[in-house]
Amino acid sequence: MSAGTVVRGTVLVAFVTLATTYTIAVLHRDAPLVPMISDTFVYAPESYVSRFGVVTASAMLQLVVWLLRSYLCAFASGHRAWRWFATVHSLCGAVASAAMGLVGAINDQENLKYHLSAATVFFYSVILWQVGYTAQLAAHPSATSFRSVALKAACAVSAALALTAFFAFAGLDLMRYYTRIAACEWVLAAATGLSVYSLGFELEGGASGRERGIGMELGSLWRGPAPGDDEEDKADEDYHPL
C-alpha cells in the first residue's frame with residue numbers, strides 16, 4: 001500500500017464521518033443547521049459513527065505524521081538541524097492526532113472539561129504541525145512543487161485565522177456568536193483536511209517529476225527516483241530514517 005493511499009484514506013474517513021454525523025444530527029434536529037462539529041457527536045446514532053470514525057481517522061493520522069517525517073528526513077533535510085525540526089513538528093502532529101481521538105471518544109456532554117481540553121490541544125497542535133511541514137517543504141523545493149507549497153501555506157494561514165476568530169468570538173459572547181464560532185471550526189477542519197490531503201502529492205512521488213504513484217510505500221519507505229537528484233543538498237538515497 002502506498003503512503004499516498006494512507007493520506008487520502010485518512011482524509012476520506014474523516015470527511016465521511018463528519019458528513020454522516022452532520023446529516024443525521026440535522027435531520028434528527030439534534031444540532032442546529034450550523035453546529036459545532038462536536039454537537040454532531042452527542043446523540044445516538046450519530047455518536048456511534050463519531051466514536052468509530054474519528055478514532056479511526058486519528059489512528060490513521062498518526063501513521064501519516066510519521067510517514068511524512070520519513071519523507072522529510074530523506075528529501076528535505078540538507079542539514080541535521082532540519083531532521084530535528086522534522087521531529088519537533090512531527091511530535092506536534094502526533095499530539096494532535098492523539099487529541100483528535102480523545103475528541104471523538106469523549107463528547108462534550110459526557111465530560112466537557114476533557115472534551116474541550118482535547119479539542120484545544122488538537123487545534124493548536126495541528127496548526128503547528130501544518131506550519132512546520134509547510135516551512136520545511138518550502139525550504140527544500142526539490143522535495144515538493146511551488147503549487148503544492150502554496151496550497152499548504154494557504155491552508156495553514158486559513159486554519160490559523162479561523163482559530164484566532166474562533167477564540168475571539170468565544171471571548172466576546174459564546175451564545176451570541178455561536179454560529180460564527182461554529183463556522184470558524186468548520187473552516188479550520190476543512191483547511192486542515194485539504195492540507196493533509198495535498199501531502200499525497202509528495203508521498204506518491206509527484207515531486208520527482210516522474211510518473212505519479214511511484215513513491216513511498218509502507219513496506220519499503222521509498223521506491224523510484226529521489227526528488228531533486230540533481231540538487232546539491234539532496235539526502236543520501238540509501239538513508240532510511242525509520
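A contact here means heavy atoms within 4.5 Å.

**Figure 1. Overview of the predicted protein chain.** The model shown is predicted. Among contacts with a separation of 6 or more, 70% come from residues 24 or more positions apart. The protein chain holds 6 helices and 0 strands. Read from the N terminus, its elements run α-α-α-α-α-α. Of the 242 residues in the protein chain, 48% are buried.

Figure 2. Helix α1 spans 3–27, and S2 lies in the segment before α1. Is S2 buried or exposed? Its relative accessible area is 17%, so S2 is buried, the cut-off being under 20%. The side chain of S2 also has a partner: a polar contact of 2.8 Å joins it to the side chain of T5.

Figure 3. Phi of R29 is near 60 degrees. That is a positive value, in a residue other than glycine. R29 has 77% relative accessibility and therefore counts as exposed, since exposed means over 50%. P45 is shown for its backbone: the peptide bond from A44 to P45 is cis. Omega for the bond from A44 to P45 is near 5 degrees.

Figure 4. Helix α2 covers residues 46–75, and R69 lies within it. With a relative accessible area of 15%, R69 is buried. Which side chain does the side chain of R69 meet in a polar contact? The partner is T87, at 3.1 Å, again through its side chain.

**Figure 5. Close-up of the contact of α3 with α4.** Helix α3 takes in residues 80–105, and helix α4 residues 112–139. Their axes come within 7 Å. The crossing angle is roughly 150 degrees. This makes α3 roughly antiparallel to α4, because angles over 145 degrees count as such. The crossing in which α3 passes α4 is left-handed. How do the residues of the contact of α3 with α4 divide? There are 20 nonpolar, 7 polar and no charged residues.

How values were computed:
Residues numbered from 1 in each chain as written. Predicted model: local features only at pLDDT ≥ 70, side-chain atom pairs only at ≥ 80, totals over all residues. Heavy atoms only, no water. Helix = DSSP H or I, 4+ residues; strand = E, 2+ residues; numbered from the N terminus. Buried < 20%, exposed > 50% of the residue type's maximum accessible area, 1.4 Å probe, protein only. Polar contact = N/O pair within 3.5 Å; in protein donor to acceptor, adjacent residues only side chain to side chain. Axes fitted to C-alpha atoms, helices over the stretch in contact; angles between N-to-C directions. Parallel < 35°, antiparallel > 145°, perpendicular 65-115°, else oblique. Left-handed = near helix turned anticlockwise from the far one by under 90°. Nonpolar A, V, L, I, M, F, W, Y, C, P; charged D, E, K, R; others polar.
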